[in-house]
Amino acid sequence: MNRKSLIVVLLALISVVFIVACGSDDDATTTTTTPTDGGGDTATLHAAFSEFDTTNVTIMLNGSNVEIESNGRPNHTSPYWSNTTARMGTPAAAEDHPLFVAPTVTSFEDMAPGNIDDFNGSYSLTVSANPTLASNSSATGLGAIGIAVSGGMIYNDEEGPNVPLDNAVGSLDYTAAHTGPQSYHYHLEPKAWSDDDEKLIGIIADGFFLYGRKCNSTGTYPTDLDASGGHASTTQHTDETEYHYHIQNELYLNAYYILFPGNYQGTASSVQ
Ligand SMILES: [Zn+2]
Ligand SMILES: [Zn+2]
């Protein structure tokens, strides 16, 4: 090898080393400057999870999944906490629970049987830390379809097999939730913490977050929602565009807003 060839080979080697060094530098920068967006190969816990009540809800990152567990109890007042008034199917308690409030939009006569603190189980949901849209949407079912930031469960717009929600609206409390057949759950915009705003409502079983009727990206009602109330934009929890749902700003029974009447747009796990 003559001297000229040697120089060419050396220069090539130096270039390769330089490119490799730059490449790994970029990776390091990406992982350290975006700790909460869940992007890239490293799973991180999304910033929105910090909104969940830490007494009622436990959130753990396990590999590329997030495990969410709730005791099924909300962190706010309700007439559905145990109290000293007996109603149909529900005996009186010795004393009022500290979070009990008298029914306002419903009544003891109209309330569903069972109190919040009668429930002694738990709910768990495991979703991807980086959920993606499915090629086809899928229908939600009866029972929990998501977990709210309060600790209560999110239900769809059906009350039971062939029982439309219209028949059960009278038993909903001031924050559009009631008990039965299992635990306390929301069907409509939960006024206890969200009323015509951009607040985080909870997480849907496909791993996407559900927000209030307004979007942080514009400060008003989104106009580009799909059939499930979803779209991609920034939120108060991420500077990167990501898919999320909203409560749709469409009146139900001239007074309410249904939480999640559409299909899952991602791949849903079961809340169990
Ligand atoms: Zn219900
Ligand atoms: Zn939005």
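Figure 1. Of the contacts (heavy atoms within 4.5 Å) between residues at least 6 apart in sequence, 59% join residues at least 24 apart. Buried residues (under 20% relative accessible area, 1.4 Å probe, protein chains only) make up 44% of the 272 residues. The chain has one helix and 15 strands; these are DSSP runs, helices of H or I with at least four residues and strands of E with at least two, numbered from the N terminus.

**Figure 2. The zinc ion (ligand 1) and its protein donors.** Donors are N, O and S atoms within 2.8 Å of the metal (3.2 Å for Na, K and Ca); water is not among the atoms, so sites may look incomplete. Their spacing along the chain is E-x18-H-x6-H-x1-H. Glutamate 159 sits in strand 7 (residues 158-160) and histidine 185 in strand 10 (residues 185-186), 26 residues apart. Both residues are buried.

**Figure 3. Strands 12 and 14 side by side.** Strand 12 (residues 209-211) runs parallel to strand 14 (residues 238-246), joined by two bridges. Tyrosine 211 stands opposite histidine 246.

Residues are numbered from 1 along each chain as its sequence is written, and chains are lettered from A and ligands numbered from 1 in written order. In this predicted model local features need pLDDT of at least 70, side-chain atom pairs count only at pLDDT 80 or more, and totals for chains, interfaces and linings use all residues; side-chain values use heavy atoms, leaving out hydrogens and water.

How values were computed: Buried means under 20% relative accessible area, exposed over 50%, partly exposed in between (1.4 Å probe, protein chains only). Two strands pair if DSSP finds at least two bridges between them.
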